[in-house]
Amino acid sequence: MDKIRVVGGVALRGRVETSGAKNAALPAMAATLLTGDAVQLENLPRVRDILTTRDLLEKMGAEAEIREDGTGTFRAGEISSLEAPYELVKTMRASILVLGPLLGRFRKARVSLPGGCAIGARPVNIHLAGLEKMGAVCEVAHGYVEASTAGLTGAYIQMETVTVTGTENLMMAATLADGETVLDNAACEPEVVDLAAMLRAMGAHIEGDGTRTIRIRGVRRLRGCRHRIIPDRIEAGTFAVAGAITRGEVEVANCNPEHLKAVLTQLAQAGAEISIGKDGFRIRGRDPISSKNVTTYPYPAFPTDMQAQYMALMTQGDGIAIITETIFENRFLHALEMIRMGADITVEGRQALVRGGRPLTGAAVLASDLRASASLILAGLVAEGETVIDRVYHLDRGYYRIEDKMAQLGARIERIR
Ligand code: EPZ
């Protein structure tokens, strides 16, 4: 089991390039199931979840090749299995994203229920309710969803909670349904908009992506396309915090600052000096770091995937910051590890009260989920002494060689195999 070792005390300086967004690449790879034609994807991040999805597609009988340069060729010509098996899904809940495409094109699917994870129960009831409104029968038995349909038909779907993959699953299914589907209370994340752009390139009729109401008019079939995955706004935000927390100066390139507005605004309020470019930004960390409250909400507000990273920053704040997590019910596990590093954090349900001004000391800590592991690296960058983070397989699911990118910026960091 790999570990990451960080020795704190260095102000990061330099330029870092953002990779493709994991959470845009996953639905894009699922969307290749919607056609028998070849699909070319570019800017795929070589992270574990992407390789897991490639394995899943191959297991179904599709061709799925991902090259070193981040380009990939996919062709779901002859699908031999309509099943996403438990042993793959349990390592990556986003496998649920094959449900919509399989139902839309093959009218049948058997997908293992993703189950929960460290940050919450992660139900898929809204995915299933939407598919049933479109004429699917979804049976849940033995830990699997068995879904089938005589043919999906367009429907008006009011989604009770904003769900990113729920919106993506239903949008993909609706592209091949008979008639028009309206997704009300849809997610607006850039990853949803990127998927809609890819589906339109495949011949789908989609309007309203990026707003709370998406309209999809079904077509008989979709064709292949070439699509470039958007940059990872969460990786970019993670490096922004790295610059702020170490009081360094970091240029984050190859990203879309528009996708990070709430994060950059929050970091500026917390004292960082930020200048925005066309496809990147520069951040300079300064003293004092101001303690500012934040609440996570669906896009375009401050994202839950940046909450742990922001908490690390607030441990260095000049006062008290209240962090409210409204998306997931158990996303403060990183707080317990930061407390072991000397942070003063009180967790009460969905709120964490972070008293800044106490120096952190390096410690042996445990990663619990993808973004928590990144936040522990950030805390380690500013802690006195050595921090060793265990279970970094969480990190590898969503960050491609983060230690190399951090080392390029001057961090004293290494992977211990
Ligand atoms: C996506 O997860 C992301 N994953 C998550 O990123 C991200 O944290 C999350 O959206 C929120 O932005 C991918 O895109 C692969 P949700 P998703 O459905 O779609 C409830 C990371 O670190 N809900 O938007 O699974 C749910 O319990 C990951 O990369 C239902 O109740 O999240 C949660 O409280 C972590 N019923 C809320 O909605 C449903 O059917 C938002 O979840 C679906 C969701």
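## Starting with Leu-51

In which helix is the place of Leu-51? That would be α2, the helix made of residues 48–59. Keep in mind as you look around that this is a predicted model.

Is Leu-51 buried, partly exposed or exposed? With a relative accessible area of 23%, Leu-51 counts as partly exposed, because the buried class stops under 20%.

## Where the ligand sits

Now to the ligand. Domain 1 (3–19 + 231–416) and domain 2 (22–228) both contribute residues to the shell around the ligand, so the ligand lies between them. Four helices each put at least two residues into that shell: α1 (22–31), α5 (125–133), α6 (164–174) and α12 (370–382).

## Who is around it

There are 23 residues around the ligand, and the ones that come nearest are Asn-125, Thr-163, Thr-165, Asp-305 and Ile-327.

Which side chains put a polar atom by a ligand oxygen? Lys-22 has one 2.9 Å from an oxygen atom of the ligand. For Asn-23, the distance from a polar side-chain atom to a ligand oxygen is 3.0 Å, and for Arg-93 it is 3.1 Å. As for cover, the ligand on its own has 830 Å² of accessible area, and the protein covers 88% of that.

Definitions and conventions: Residues numbered from 1 in each chain as written. Predicted model: local features only at pLDDT ≥ 70, side-chain atom pairs only at ≥ 80, totals over all residues. Heavy atoms only, no water. Near = heavy atom within 4 Å. Polar contact = N/O pair within 3.5 Å; in protein donor to acceptor, adjacent residues only side chain to side chain. Areas by Shrake-Rupley, 256 points an atom, 1.4 Å probe, with all protein chains shown as cover. Domains from an automatic or database assignment. Buried < 20%, exposed > 50% of the residue type's maximum accessible area, 1.4 Å probe, protein only.
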